Amino acid sequence: MAKKPYYITTPIYYPSGNPHIGHCYTTVACDSIARYRRMQGYDVMFLTGTDEHGLKIEQKAAEKGVTPKQYVDEIVEIFKKLWSYMNVDFDRYIRTTDDYHVETVQKIFKALYDKGYIYKGEYSGKYCTPCESFWTDSQLDENGCCPECHREVVEAKEEAYFLKMSPFADRIEKLLTETDFLQPKTRAVELVNNFIKPGLEDLCVSRTTFKWGVPVTFDDKHVVYVWIDALSNYISALGFWNDAYNDYDKFWPADVHMVAKDIMRFHAIIWPAMLMALDLPLPKHLAVHGWITFNGQKMSKSLGNVVDPFVLGERYGADAIRYHILREMALGADSSFSNEIMINRINSDLANGLGNLVSRTVAMVEKYFGGTLPKEKAEGEFDSELIAEMTALRAKVDEFIDKTQINNALAEIFKVVSRANKYIDETAPWVLAKDEANKPRLAGVLYNLLEAIRVVSSLLCPFMPSTMPKIWEQIGAGEADVTYENAEKYGVLFAEVTVKRGDVLFPRIDVEKEIEELNSIIAKNAPKEEPEIEVEPVAPEIAFDDFMKVDLRVAKVTACEKVKKSKKLLCLQLDDGMGGRQVVSGIAQWYSPEDLIGKKVVIVANLKPVTLCGVESKGMIVAGDTADGDAKVIFPDQSLPCGSKIH
Ligand code: ME8
């Protein structure tokens with residue numbers, strides 16, 4: 001019987017800096033699902049790649065004095081090296097600079113134009129002549145000048161192509177609210193309220209201010225907007241409207257696109273609109289995960305050195321890193337990365353849990369039976385419970401993988417690891433070993449443990465692919481024993497199995513010493529100098545009583561949306577511990593609603609209410625200025641209760 005096709009994709013990453021642990025999460029998550037599906041017998045296509053066009057890349061290359069292509073070639077190699085290091089087994093790697101992809105993008109753009117969905121219009125905004133750049137009002141610096149060179153800008157108009165969005169608004173709203181396309185569904189409401197309900201604006205899909213992009217074939221002053229270019233990768237990589245590949249009919253529509261929340265909007269609104277306009281089927285699922293944060297901020301390239309995945313992999317092994325990031329991240333929520341949490345998890349789950357289970361079991365088979373078990377079955381107390389749990393495990397893992405909830409799948413597997421360790425304490429093999437008459441029971445107990453390890457390691461293999469074969473060697477399991485089919489069966493290992501002690505799978509890490517070493521690496525890699533700012537003079541002295549007049553409180557953002565008619569304002573609903581309040585804040589340029597919802601902030605609680613753009617604001621969110629003139633919200637310790645006073 002022909003295998004069922006299964007198509008899963010990561011975003012294609014910008015090669016504008018080295019990959020970091022955030023990129024690792026999505027890629028390793030997709031790799032694990034792809035491996036799980038292969039194990040289940042699917043014919044899998046796992047696609048990843050790089051998104052190589054755009055102004056940012058053009059500028060970075062110019063700074064380095066190389067061509068954009070030379071610039072991306074170098075970084076793409078680092079991405080590929082990291083994926084091989086992390087045991088990421090992709091089936092195809094797409095680069096948007098590949099000729100076949102460019103051909104598809106050009107044909108898509110032309111088809112949308114011919115169908116009347118793309119039209120020529122005028123893009124108006126502020127123009128900086130020396131930089132040859134258009135800026136929107138919200139992008140200008142605090143003096144209304146160019147955010148790059150800080151010179152004056154002029155009102156200007158530029159011809160541009162636009163994609164009509166309104167014909168698709170109803171269908172997209174239904175897709176988001178009435179189907180399970182978007183996972184987790186809670187995010188769909190946010191998208192509909194923030195983008196669809198206020199009216200979907202037509203999208204500007206071409207640029208004339210830089211050259212590093214896909215040229216529009218019928219108007220070569222223009223290059224295609226980088227998101228139209230990038231999103232098309234999911235089908236160009238299958239050979240849609242090009243001759244490089246021939247798998248479109250087999251693999252489209254995709255089973256899962258996995259992305260982080262920052263690019264959800266492009267995948268949940270713009271990509272479906274493009275496909276609808278082309279009359280193509282929509283992907284089946286969009287799985288949206290949160291960010292890996294570090295010190296409360298989205299981990300990004302500038303923080304890359306802090307937790308360089310190569311450095312971490314060198315110290316603990318790629319599988320331990322894979323396990324940690326997959327186990328920590330719940331679909332939809334952010335996950336904060338800390339070296340200490342990672343080390344503790346490696347110690348508890350991998351060294352003490354799984355590693356210990358394997359080494360104790362193998363050591364006992366060697367000690368009590370010289371390495372080969374006699375043919376015995378244990379069917380007494382505790383045995384049936386362990387057997388029932390191991391045989392029920394596969395179905396539970398399947399269910400979570402179907403829902404792309406990898407952390408929960410791993411939690412289920414590790415419940416069986418704990419259960420098996422507990423079984424050792426319950427059955428006390430060292431007591432059984434004292435009496436020759438108990439030897440048959442002892443052999444049966446050890447056989448059950450080997451079976452539990454076989455089941456657990458078979459199901460863990462997609463997540464930790466390089467460690468599991470080492471376990472199989474130790475427990476005497478052959479390739480045919482560790483299949484998906486056998487993962488729900490008991491009694492698969494040969495009754496007279498021979499074990500073979502091996503190296504320690506996950507050496508225990510000395511937490512204190514390790515943190516000290518990591519901290520010194522972090523300190524070495526930290527930017528040497530703080531960015532310079534013009535420090536404002538300190539305000540005139542005030543008495544303590546005056547300070548106490550300002551009532552600062554902790555409040556949690558329960559809801560947040562953009563203020564209509566304003567590019568700068570966000571309207572936040574806050575739980576202030578006193579019944580709640582609404583605050584309007586001018587931070588829309590730097591934060592989107594999903595960055596803030598669920599977080600605690602500091603507010604000036606007794607500020608006189610004002611009305612901004614017709615919306616009432618009771619108080620103010622406390623924020624600071626960066627060297628670049630951006631605003632950064634002050635996030636207090638998140639354990640402070642709502643309403644608590646700051647002084
Ligand atoms: O957005 N935590 O590329 P990009 C979790 N080229 N995931 C993170 C992360 C973090 N701190 N940082 C990055 C682009 N990611 C576009 C995509 S797709 C048609 C075009 C992951 O290099 C996450 O998967 O900025 C996020 O969606 C992706 O990297 C964005 O990568």
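For the tally that follows, Ala, Val, Leu, Ile, Met, Phe, Trp, Tyr, Cys and Pro count as nonpolar, Asp, Glu, Lys and Arg as charged, and the others, Gly among them, as polar. On that basis, the shell around the ligand splits into 14 nonpolar, eight polar and four charged residues. Keep in mind that this is a predicted model. Here's a quick tour of the ligand site, a few strand pairings and some aromatic pairs.

**Ligand site**

- The ligand has 26 residues around it, and the closest are Ile12, Tyr14, Thr26, Asp51 and Ile292.
- Tyrosine 14 also brings a polar backbone atom to 2.9 Å from an oxygen atom of the ligand.
- Alanine 260 does something along those lines, with a backbone N or O atom 2.9 Å from a ligand oxygen.
- From histidine 23, it's a polar side-chain atom that sits 3.5 Å from an oxygen atom of the ligand.
- Taken on its own, the ligand has 670 Å² of accessible area, and the protein covers 97% of that.

- Strand 4 (residues 118-128) pairs with strand 6 (residues 154-163) in the antiparallel sense, over ten bridges.
- Within this pairing, tyrosine 119 stands opposite phenylalanine 162 of strand 6.
- Strand 6 also runs antiparallel to strand 8 (residues 203-204), joined by two bridges; leucine 163 has leucine 203 of strand 8 as its bridge partner.
- Lysine 126 lies in strand 4, and its side chain makes a polar contact of 3.3 Å with that of glutamate 155.
- Lysine 126 counts as buried because its relative accessible area is 18%, under the 20% cut-off.

**Aromatic pairs**

- Searching the whole structure turns up 27 aromatic pairs.
- One of them is tyrosine 13 with tryptophan 83, a tilted pair at 6.2 Å centre to centre and 50° between the planes.
- Tyrosine 13 is in strand 1 and tryptophan 83 in helix 3 (residues 68-85), so this pair ties together parts 70 residues apart in sequence.
- Both ends are buried: tyrosine 13 at 6% relative accessibility, tryptophan 83 at 0%.
- Tyrosine 113 and tyrosine 161 have ring centres 6.0 Å apart and planes at 80°, so they make an edge-to-face pair.

Technical notes:
Residues numbered from 1 in each chain as written. Heavy atoms only, no water. Pairing = 2+ DSSP bridges. Helix = DSSP H or I, 4+ residues; strand = E, 2+ residues; numbered from the N terminus. Near = heavy atom within 4 Å. Polar contact = N/O pair within 3.5 Å; in protein donor to acceptor, adjacent residues only side chain to side chain. Areas by Shrake-Rupley, 256 points an atom, 1.4 Å probe, with all protein chains shown as cover. Buried < 20%, exposed > 50% of the residue type's maximum accessible area, 1.4 Å probe, protein only. Phe/Tyr/Trp six-rings, centres within 6.5 Å; stacked < 30°, edge-to-face > 60°.
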